[in-house]
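Look over the sequence and the model below before reading on. The report then takes up a few parts in turn.

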Amino acid sequence: MTDGTFIIPETLNLDSNLPKNETEYLKKRLGSGIKWKDVKGKDAHLAYSKLSNAPAGKDEFYNLEISPSQIIIKSYTQEGYFRALQTVIQLLENYKTEKKIPAMKIEDHPKFAWRGMHLDVCRHFFTVDEVKQYIDYLAMYKLNTFHWHLTDDQGWRIEIKKYPKLTQVGSKRKESMIGAYVDNTFDGKPYGPYFYTQEQIKEVIKYAQDRHITVVPEIEMPGHALAALSAYPELACTKGPFEPATKWGVFDDVFCPKEETFTFLENVLDEVIDLFPSQYIHIGGDECPKTRWKECAHCQELIKKNNLKDEHGLQSYFIQRIEKYVNTKGRKIIGWDEILEGGLAPNAAVMSWTGVNGGIEAAKSKHFAVMTPGAYCYFDHYQGDPQSEPNAFGGFTPLDKVYSYNPVPAELSPEQAKYILGVQANLWTEYILDFKQVQYMIFPRLFALSEVGWGTADPKNYKEFENRVIHEFKVLDRLNVNYAKSIYNITGKVVSSQQGIAYELSTSQNPEGIRYTLDGTVPSARSNAYRSRIPIPKSLTLKSAYFEDGQLKSAVSTQPFTISKTTGKNITLEQQPSENYSFGGALTLVDGIIGNVKQLGKTWLGFQGKDVAATIDFGNKTAFSEVSFNTLENKGSWIHLAKSAKIFVSDDNRNFKMIKEIGKEDIQNAKGKIKANVGTQNAKYLKIIIENAGIIPAGNPGADSKAWLFVDEIGAN
């Protein structure tokens, strides 16, 4: 900060020598809020000076000096000037009421070179104008990469002139899945044809370039190919016929690695590369079942001929062939972390989505990586209590979790960390029906991503960030953006206490405005005022809401509790859950909250390919005769019921006696909700081992992959 203030004038004088394209953008953003006019020389309120000889990695650097008389921007590039303009606009917005900006000097540049947002237009389609709006949001908050997911099982959305049937056949489907996946219901309405012409693609790319945003196209291969196979069934391992998928998930029919397939994909990539100037071309590479390849004579012959280990080796062969071709065009490939299967292509970059391990493996082998783990960066997950949120994919990724993310894994050395290109959030649109819902799912989480990517996120000061978010809502209001107000709602957290469990309530507002009830009635302004964590001594339903001046300001949150003899007891796990599904840690299994199928990321623990082995310490010898637990089935999301379960007791935590074994058939008959009579027991420790289903069998989504086991609430009575 320096001395004095810059008085925001009625008319902002812009130096006529300012870079043209970016300044036109500034004029549009100022809109009717601030008048402007072009002037020459010293009368300018906003001036620009170009710095020479940009150091490596400083393309987006800018220097911003605000004095009482003038705002001066200095940068090495027009990209840096554009980033500075966003700061100027934010300052003008922030101080528009006071009509003066404190004098200051800012030196600024981002930590990460790749700060991205992804948009899936295959499950649900968005118009050119809507895509441009999306790009505007990225520009406003200094992101620089737009990842455009253009092809999938449910739709092919890019015109390829050599293969017109891709859009004639692949851009429409006979109906769409609606509601929760487990409901398996459809709308019965034809969807499409929806696609972008090559002229429209060029229009979007130019629009993004004017905002210094790189557009990275994604053409999925070898999996997620049903829309393409519907148009050209000869590219599959079987004869078909095929049709674009009407439901979500993963499908067995994928591209067959034969010569005509590679010719087809190379021709498609030729047209894509001619359209998109980006250095990287995204080739997908994720969730490719090997079922058809295992049964295909050509594939098996190819494995033998090339001395490949197995079908995973064939996946690597496929990706490496595509990479070599893309490299001949002067470009590089990037793919989801499954492209690591069987060995990574020599020059490929990895987008690490299943967790952070893909990025770690890539960086350690000197390959670039973009970090986009589902636990932090999937904006199709719930951001608040599902009771008061629109239907979403699942998971639980609230604003504070996004803000807490550090894209550089601690396991990497400083030298290896240089291979982390940056961070990206993904928006898959199975459950996003229109652009208003797109806005709802990205805001305000985009604010957190912006600071994570720029390198200024400070989780220790989350409350200060949250206050700035609420302040920025005024900007979104003026732009008529439909953002989520989840941070106003009450959030609850179970904590263990000497008496069992207690429930902590919090809100982004003044906590003195929280009211709650314990009898299941809707709270009013006269209900119990929240002062400190609430003991939960018995089964009950707690409802809470936020009030201001006697008026309800939030959604009403409802939380039922089911208390048993294990509730709140000390629990240890031999193997930890996946980071995506680990909210609350081991306590989630004894927190008195029965798992909700809509709250996979909050009320269940998820384990991929792992068994659950949990030991509960009652504290002293405790009598019980029934043990209960819940597991979940949602095969479309690779979640399978447990294969078996064993229950043990011990008095010393070393010597355990098995008291019950539950088989697969019993678990299936109970639909995963187990209540096992174990006879009269009196023990200090209860141990339960719940066996994962293992490798997903052929004919199921995700065949040959590790199954997910979701477990919740281990009870004893």
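This is a predicted model: local features need pLDDT of at least 70, side-chain atom pairs count only at pLDDT 80 or more; totals for chains, interfaces and linings use all residues.

## A covered strand

Residues are numbered from 1 along each chain as its sequence is written, and side-chain values use heavy atoms, with hydrogens and water left out.

Strands of a sheet pair through backbone hydrogen bonds, either parallel or antiparallel. Two strands are said to pair if DSSP finds at least two bridges between them. S18 pairs with strand S17 (residues 332–336) in the parallel sense over three bridges, and Ile-334 stands opposite Ala-349 of S18. S18 also pairs with strand S19 (residues 369–371), again in the parallel sense and over three bridges. There, Ala-369 of S19 is the bridge partner of Val-350.

These strands belong to a closed barrel of eight strands with parallel pairing, in the order S9-S10-S15-S16-S17-S18-S19-S22. From one strand to the next, the twist averages 30 degrees.

## Two helices side by side

Helix H1 (residues 20–30) and helix H2 (residues 78–94) pack at an angle of about 15 degrees, and their axes are 10 Å apart. Axes are lines fitted to C-alpha atoms, for helices over the stretch in contact, and angles run from 0 to 180 degrees between N-to-C directions. H1 and H2 are therefore roughly parallel to each other; angles under 35 degrees count as roughly parallel, over 145 as roughly antiparallel, 65 to 115 as roughly perpendicular and the rest as oblique.

On the H1 side, the contact (heavy atoms within 4.5 Å) includes Tyr-25, Leu-26 and Leu-30, and on the H2 side Phe-82, Leu-85 and Ile-89 are among the residues involved. The buried residues of H1 are Glu-22, Thr-23, Tyr-25, Leu-26, Lys-27 and Leu-30. They pack against strands S2 (11–15), S3 (35–39) and S4 (46–50), and against H2 and helix H3 (128–140). After H1 comes Gly-31, with a positive phi near 55 degrees.

## An enclosed helix

How many of the 10 residues of helix H16 (residues 445–454) are buried? The count is 10 of 10, so H16 is largely enclosed by the rest of the structure. Among these buried residues are Arg-445, Phe-447, Glu-451 and Trp-454. H16 is followed by Gly-455, whose phi is positive, near 95 degrees.

## A buried valine

Val-711 is found in strand S37 (residues 708–716). Val-711 counts as buried because its relative accessibility is 0%. Leaving aside neighbours within four places in sequence, Val-711 is in contact with Leu-589, Trp-604, Leu-605, Val-612, Asn-630, Thr-631 and Ile-690.

Conventions
Helices (H or I, at least four residues) and strands (E, at least two) are DSSP runs, numbered from the N terminus. Buried means under 20% relative accessible area, exposed over 50%, partly exposed in between (1.4 Å probe, protein chains only).
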